Amino acid sequence: MDTLATAQPLATSAILLVGGFGTRLQPLTFQTPKPMLRVAGIPFTEHQIAKARAAGIKEIVLATSYMAEVFEPYFGDGTRFGIKISYALEEKALGTGGAIANAAKLLEHDGPVVIFNGDVLSSHDLKAQIALHRSQGADVTLHLTEVADARAFGVVEMEGERILSFREKMENPPTNIINAGCYVFSRSAIDAIPSERVVSVEREIFPELISRGAKLLGYVDTAYWLDIGTPAALLKATVDLISGSAQSIAFDELLAGGTYYENEGCLIARTAELDPTATIESGSLISNHVKVAAGARLSGSIIGEGARIGTEVRLSNTFVAPQSEIPSGFIAQNQFFGFSE
Ligand code: GDD
Ligand code: MG
């Protein structure tokens, strides 16, 4: 029997917001935009593209601005990733809403559009979120999650599944239920966003839609969720993927491909050369062609391609840029090495 849910169009299109400056991740983002930083060995965007594909998305537009030129050489037309990929460029950042309106012009399919913040690692069931949107005939369906401290996020008040208020970043949040940064938008809700000017979907569009009586629904769940926008969070994302507390299809594919192996909760490239007396621990990631000398101890750290780590070095929660060299005996904690402006 045909139900209302199946009568509504499928969501086969997505927009990925990848144009932010990644200010909180400097110096890592001086040379690389946040969504292209590697998490568990893969550019972050690749984790999200694999998630979109698994949920039935056929085409995705990357909404780019800051360092826009680095995405296309890596992702191309998407053939390698099993999804059609195109690129919308904002000469000047248009804000999250302006970016959506601008990118939507490139979509070829009809029907609802899934929008992703480009910096959220989430194991939530995207298919279930889309199904809720379709079955309820919503204007926008937001993925929501609960956090201990909601001040740095968009906060909602709800009645049942309905969102009654949305407020972006406030000192005294009325609830701990926050915007998790993945939305399903109906086409009419996208068409209502002004194009060609800076618009924030969080500060302007959501409050406005609510005040006009639009149907904004929340898909609330307790699945793994993390905004990777700070150095500590970026390290945590890699550790959590390796330990299995976070899930990613792209990461599963990387492991299946055999170029990396897992060892005691760490991820190590097969081309890396580790002295047998070196210790790699606590979710560290050792990239291709890295050399680690005798007695070094690397804990919860990310070592970029081709870097050389000297003897007896001690690094904890530290990022080492590709091709850089850490001299013997060096000791560091919560640091960045070799990331230039
Ligand atoms: N194309 C484009 N243009 N993308 C942008 C722009 C822009 O002008 N501004 C931001 N973005 C992208 C960023 O690259 C990021 O992927 C996403 O939009 C969200 O921006 P952030 O700067 O990371 O925002 P936030 O983390 O402070 O807050 C957002 O995410 C929270 C969840 O992590 C908001 O959506 C909050 O409401 C939400 O709770
Ligand atoms: Mg963010």
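Mentor: The domain bounds used here come from an automatic or database domain assignment. The model itself is predicted. For the protein chain, that assignment gives domain 1 as residues 13-227 and domain 2 as residues 258-337. Taken over C-alpha atoms, the centres of domain 1 and domain 2 are 33 Å apart.

Turning to the interface, five residues of domain 1 are in contact with five residues of domain 2. About 410 Å² of area is buried between domain 1 and domain 2, and carbon and sulfur atoms contribute 79% of that area. On the side of domain 1 that touches domain 2, three residues are nonpolar, two are polar and none is charged. The number of salt bridges between domain 1 and domain 2 is zero.

The structure contains zero disulfides. Cys182 has a relative accessible area of 3% and is therefore buried, because buried means under 20% relative accessible area. Cys266, with a relative accessible area of 0%, is likewise buried.

How values were computed
Residues numbered from 1 in each chain as written. Chains lettered and ligands numbered in written order. Predicted model: local features only at pLDDT ≥ 70, side-chain atom pairs only at ≥ 80, totals over all residues. Heavy atoms only, no water. Contact = heavy atoms within 4.5 Å. Buried area = accessible area lost by both parts, 1.4 Å probe. Salt bridge = Lys/Arg side-chain N within 4 Å of Asp/Glu carboxyl O. Nonpolar A, V, L, I, M, F, W, Y, C, P; charged D, E, K, R; others polar. Disulfide = S-S within 2.5 Å. Buried < 20%, exposed > 50% of the residue type's maximum accessible area, 1.4 Å probe, protein only.
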